[in-house]
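Here are a few notes on the structure, meant to be read with the model open beside you.

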Amino acid sequence: SRGGRVARRDILPFLQGLRTLLVAGVPMDRSLEMLAELHRGKAPGNVAGEMLREIRAGNSLSEAMRKAPGAPFNRFMIQMVSAGQSTGRLEDALDQVCRFQVRSRDFRASLAGALIYPAILLCASILSVAILMVYVVPRFAGVFSASGILLPLPTRILLAASTFLKVYGPYLLAGAAMAWLLFRASLKRPEARRDWDRAKLRWPYVGGILTAVETSRVLRSLSSLLSGGVPILSAFVIAREVSGNEAVREGMEAARARVQGGAKVARALTETTPFPDMALQMISVGEETGRLDAMLESVSDAYEEDARRKLRNFLVLLEPAVLLGMGLLVGFIVFSLFLAIFKLNEVPFR
């Protein structure tokens, strides 16, 4: 993060440092001055310096965050700080922002960490089979063809597949890359992206994980915003931006319009979003009891754990499936080669 834009990993320590200094009673301008000195020569230091100039010019902290170079602070952070300033609870608002960032970071890290081993296993399996088919099997093909015998059917299938991959492999890779680029280009159209994102939520196994992740992410953001004093319509606008799924984003915008028209939050979400029924029922209970923000946080905690559980269950099935597929492919290759070798041993010497 030296020089230009502030990296995502630097935002949380910066906000935590600012909150710590403010809680300790250090004035705002002095706190930013200390942060600028601490991060001198780095992107966070430049941000702190620019924010310090805005504060000394008479602007609020939220306005200074909005004008920070490189736009390191998202709307969620700015709105939370703005609400904290208006209610006189700036330190509490910064604490909520930091806790939200920590929870989101840990959640992303846990999901990514769970996927690392299966991803490495799958890539290693594909690479191993490709090396066997392209480099190892052709060495046996010359020996077999020189013998002039009729090879067993599995061996002929193996040699044909090896020849096909060796000759047309680069074209297949180029075609796959082209198809991927065309697919990515098609997703730039809003309607195509919305349909694709909606379809992902219906995939077997994976759809349930994605739904739980989006439910936890959006509802946690909405809970933090409401508990921080952000008006509900503004909270809906900001919470929708947390989602990476276009179908969920459009659903949240439609729900905001219904809430603006007088509908209850739970009913609006039920009619427009793909959130699970249990989550919506719990939101309805929280709305009726006047504890909507607390219930939203409880629901987000439940579905965060649900996403982890579903991912673990999915990986329990995926890892053996990858190992089994790898074993069958390698076994077929070895079996086909040994059949041909045994056939060669049956040929009488002349």
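1. Aspartate 195 has a relative accessible area of 44%, so it is partly exposed. Please keep in mind throughout that this is a predicted model.

2. Aspartate 195 forms a salt bridge with arginine 198, at 3.6 Å from N to O. The two residues sit three apart in helix α8, about one turn of the helix. Arginine 198 has 31% relative accessibility and therefore counts as partly exposed.

3. Helix α8, which spans residues 190–200, also holds aspartate 197. Is aspartate 197 buried or exposed? Its relative accessibility is 0%, so it counts as buried. Arginine 193, at 31% relative accessibility, counts as partly exposed.

4. Have a look at the other surroundings of aspartate 197 too. A polar atom of its side chain lies 2.7 Å from the backbone nitrogen of glutamate 246. Leaving aside residues up to four places away in sequence, aspartate 197 touches Gly244, Asn245, Glu246 and Ala247.

5. Another pair joins two helices. Glutamate 271 and arginine 258 form a salt bridge whose closest N and O atoms are 2.9 Å apart. Glutamate 271 belongs to helix α12 (residues 265–272) and arginine 258 to helix α11 (residues 246–260), so the pair ties together parts that are 13 residues apart in sequence. Glutamate 271 is partly exposed, with a relative accessible area of 43%, and arginine 258 is partly exposed as well, at 35%.

6. How many salt bridges are there? The count comes to 32. Beyond the pairs above, a network of salt bridges links Arg103, Arg220, Asp301, Glu304 and Arg308.

7. The surface also carries a nonpolar patch made of Phe164, Leu165, Val167, Tyr168, Tyr171 and Leu172, with about 600 Å² of accessible area together. One of its members, tyrosine 171, lies in helix α7 (residues 153–186). Tyrosine 171 counts as exposed because its relative accessibility is 62%.

8. Finally, the cysteines. A search of the whole structure turns up zero disulfides. Cysteine 98 is buried, at 5% relative accessibility, whereas cysteine 123 is exposed, at 53%.

Key:
Residues are numbered from 1 along each chain as its sequence is written. This is a predicted model: local features need pLDDT of at least 70, side-chain atom pairs count only at pLDDT 80 or more; totals for chains, interfaces and linings use all residues. Side-chain values use heavy atoms; hydrogens and water are left out. A disulfide is a pair of cysteine sulfur atoms within 2.5 Å. Buried means under 20% relative accessible area, exposed over 50%, partly exposed in between (1.4 Å probe, protein chains only). Helices (H or I, at least four residues) and strands (E, at least two) are DSSP runs, numbered from the N terminus. A polar contact is a pair of N or O atoms within 3.5 Å; within protein, one must be able to donate a hydrogen and the other to accept it, and residues adjacent in sequence count only if both atoms are side-chain atoms. Contact means heavy atoms within 4.5 Å. Patches are made of residues with over 30% relative accessible area and no salt bridge: like charges are joined within 9 Å, nonpolar side chains (Val, Leu, Ile, Met, Phe, Trp, Tyr) within 5 Å. Accessible areas come from the Shrake-Rupley method with a 1.4 Å probe; for residues, only the protein chains shown count as cover. A salt bridge is a side-chain nitrogen of Lys or Arg within 4 Å of a carboxyl oxygen of Asp or Glu.
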